[in-house]
Amino acid sequence: MQLLHIDSAITGDQSVSRQLTAQTVATWVAAHPGTQVQHLDLAVNAPAHLSADALGFRTGQAAATEAQRQENAVSEALVSQFLAADVVVIGAPLYNFTIPTQLKAWIDRVAQGGRTFKYTEQGPVGLAGGKTVIVVLSRGGVYSTSEGGRAMEHQETYLQTVLGFFGITDVRFVRAEGVAMGPDAKAQGLATAESEIRAHVAEAANQPAVAKVA
């Protein structure tokens with residue numbers, strides 16, 4: 001089984017989402033011995049935001065310059081890595097009501113027509129189904145318990161939409177909320193997240209198929 005571990009927080013050792021993604025991956029590996037892990041740190045190695053040189057996978061145009069060839073290679077490497085994973089663990093802190101720009105840049109690279117989705121006469125169809133995605137959310141405040149809070153956050157809702165567009169139906173969320181609201185609130189938020197991690201490391205969406213191949 002292949003697991004892709006993605007971090008996007010820019011706060012290093014102070015990051016709650018990094019702490020929890022590491023715990024999620026360790027718990028998953030303990031429950032599923034033999035899992036192979038790749039780590040993608042988008043704060044250290046983020047793809048550039050989309051530019052005219054990086055649009056080859058969207059326009060179908062062949063690379064004409066070295067810059068275009070390099071950008072095409074980055075996009076191909078990222079989408080291939082994503083498609084090869086059976087399980088993806090994504091660390092997504094809440095920055096200004098949405099996800100980090102580094103994570104958005106990664107999504108823009110893997111959202112490729114013909115690779116992760118396609119359009120048909122009946123509408124879009126996801127092509128990256130059959131995998132499990134565990135999204136670790138960290139939030140300074142509490143957004144999940146009120147209508148107003150849920151309307152303000154464009155983190156969980158956005159990722160649910162994008163992953164669903166890719167055809168992924170097994171999306172599991174770990175939420176650490178209130179981590180900037182004082183020690184007690186942070187401790188409660190971490191305890192809730194740790195409980196959710198333990199609940200989310202059961203069988204992967206395609207684990208029977210992986211076991212059969214093995």
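Across the whole structure, which is a predicted model, a search finds 5 aromatic pairs. Phe117 takes part in an edge-to-face pair with Tyr119 and in a tilted pair with Phe165. Phe82, Trp106 and Phe166 form one aromatic cluster.

**Aromatic pairs of Phe117**

- A pair of aromatic rings is described by the distance of the centres and the angle of the planes.
- For Phe117 and Tyr119, the centres lie 5.7 Å apart and the planes are at 80°; an angle over 60 degrees makes a pair edge-to-face.
- Phe117 counts as buried, because its relative accessibility of 12% falls under the 20% limit.
- Tyr119, by contrast, has a relative accessible area of 60% and is exposed, since the threshold for that class is over 50%.
- The rings of Phe117 and Phe165 are 4.9 Å apart from centre to centre, with 50° between their planes, and the pair is tilted.
- Phe117 belongs to strand β4 (residues 117-120) and Phe165 to helix α6 (residues 156-165), so this pair ties together parts that are 48 residues apart in sequence.
- Phe165 has a relative accessibility of 29% and therefore counts as partly exposed.

**Aromatic cluster and a charged neighbour**

- One aromatic cluster is formed by Phe82, Trp106 and Phe166.
- Within this cluster, the ring of Phe82 has the charged end of Lys131 sitting over it, at 5.2 Å from the ring centre.

**Largest pocket**

- The largest pocket holds about 160 Å³ of space.
- Its lining consists of 13 residues, and those nearest the centre of the pocket are Thr11, Val16, Pro93, Tyr95 and Ser138.
- Sorted by class, the lining of the largest pocket comprises 6 nonpolar, 6 polar and 1 charged residues.

**Overall architecture**

- The secondary structure of the chain comprises 8 helices and 7 strands.
- The chain has a radius of gyration of 18 Å, close to the 17 Å that the globule rule gives for 214 residues, so the chain is as compact as a globular protein of that length.
- The C-alpha trace of the chain spans about 55 × 40 × 35 Å along its principal axes.
- Of the 214 residues in the chain, 45% are buried.

Conventions
Residues numbered from 1 in each chain as written. Predicted model: local features only at pLDDT ≥ 70, side-chain atom pairs only at ≥ 80, totals over all residues. Heavy atoms only, no water. Phe/Tyr/Trp six-rings, centres within 6.5 Å; stacked < 30°, edge-to-face > 60°. Buried < 20%, exposed > 50% of the residue type's maximum accessible area, 1.4 Å probe, protein only. Helix = DSSP H or I, 4+ residues; strand = E, 2+ residues; numbered from the N terminus. Lys NZ or Arg CZ within 6 Å of the ring centre and 35° of its normal. 1 Å grid on protein atoms, 1.4 Å probe; cavity = no way out; pocket = protein on both sides within 12 Å on 5 of 7 lines; lining within 4 Å. Points joined across faces, edges and corners; volume = space filled by probe spheres on them. Nonpolar A, V, L, I, M, F, W, Y, C, P; charged D, E, K, R; others polar. Rg over C-alpha atoms; globule rule 2.2 N^0.38 Å.
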